[in-house]
Structure formats: C-alpha cells, structure tokens
Amino acid sequence: METMGCDLSATALFSNEARGFENPITMRNIITNYVYPNTLALLEITGADLKAALEKNRGVFYHQK
C-alpha cells in the first residue's frame with residue numbers, strides 16, 4: 001500500500017487444496033502453492049465494484065462443503 005499509494009490492498013486465494021510447506025521448503029512447494037507470477041497492479045474501482053467482489057467471495061466461502 002505504501003509503495004503504490006493506495007487505500008486498499010487485496011490478494012487472491014487460489015485453492016483450498018494447498019497443503020502448505022514441508023521441511024525444508026523447496027521451490028516446488030512454493031510453485032505448487034502459488035502458481036501465478038508475482039505481480040503488483042494498481043486498479044481504480046468503484047464502491048459498487050468492491051461490493052460486488054465481496055458478495056461474490058461471500059457466496060464462494062459460504063457454499064463450500
């Protein structure tokens with residue numbers, strides 16, 4: 001937030017199948033748990049956009065078995 005000068009920061013939870021890390025941690029463990037490149041982006045969104053995203057996530061979390 002400091003680097004980008006923004007008011008809100010977010011990240012994605014990719015999968016509930018991630019098993020965490022073994023000891024010692026290997027590059028394979030990291031790639032398996034986080035398969036996307038490390039990217040920082042700044043987006044301007046409206047309050048309606050934020051509300052819609054939160055509502056979508058709420059639906060995902062409440063409907064998991």
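Colleague: Why is E55 called partly exposed?
Modeller: E55 has a relative accessible area of 38%. Buried means under 20%, exposed over 50%, and partly exposed in between (1.4 Å probe, protein chains only). The value for E55 lies in between, so E55 is called partly exposed. This is a predicted model, in which local features need pLDDT of at least 70, side-chain atom pairs count only at pLDDT 80 or more, and totals for chains, interfaces and linings use all residues. Residues are numbered from 1 along each chain as its sequence is written, and side-chain values use heavy atoms, with hydrogens and water left out.

Colleague: How do you know that R58 forms a salt bridge with E55?
Modeller: The closest N and O atoms of R58 and E55 are 3.0 Å apart. A salt bridge requires a side-chain nitrogen of Lys or Arg within 4 Å of a carboxyl oxygen of Asp or Glu, so the pair qualifies. A search of the whole structure finds one salt bridge.

Colleague: What separates R58 and E55 along helix 2?
Modeller: They are three residues apart in helix 2 (residues 47–62), which means a separation of about one helical turn. Helices (H or I, at least four residues) and strands (E, at least two) are DSSP runs, numbered from the N terminus. The protein chain has two helices and zero strands.

Colleague: What makes R58 count as partly exposed?
Modeller: R58 has 45% relative accessibility, so its value also falls in the middle class.

Colleague: Why is L43 called exposed?
Modeller: The relative accessible area of L43 is 69%, and therefore L43 belongs to the exposed class. L43 is found in the loop between helix 1 (27–33) and helix 2.
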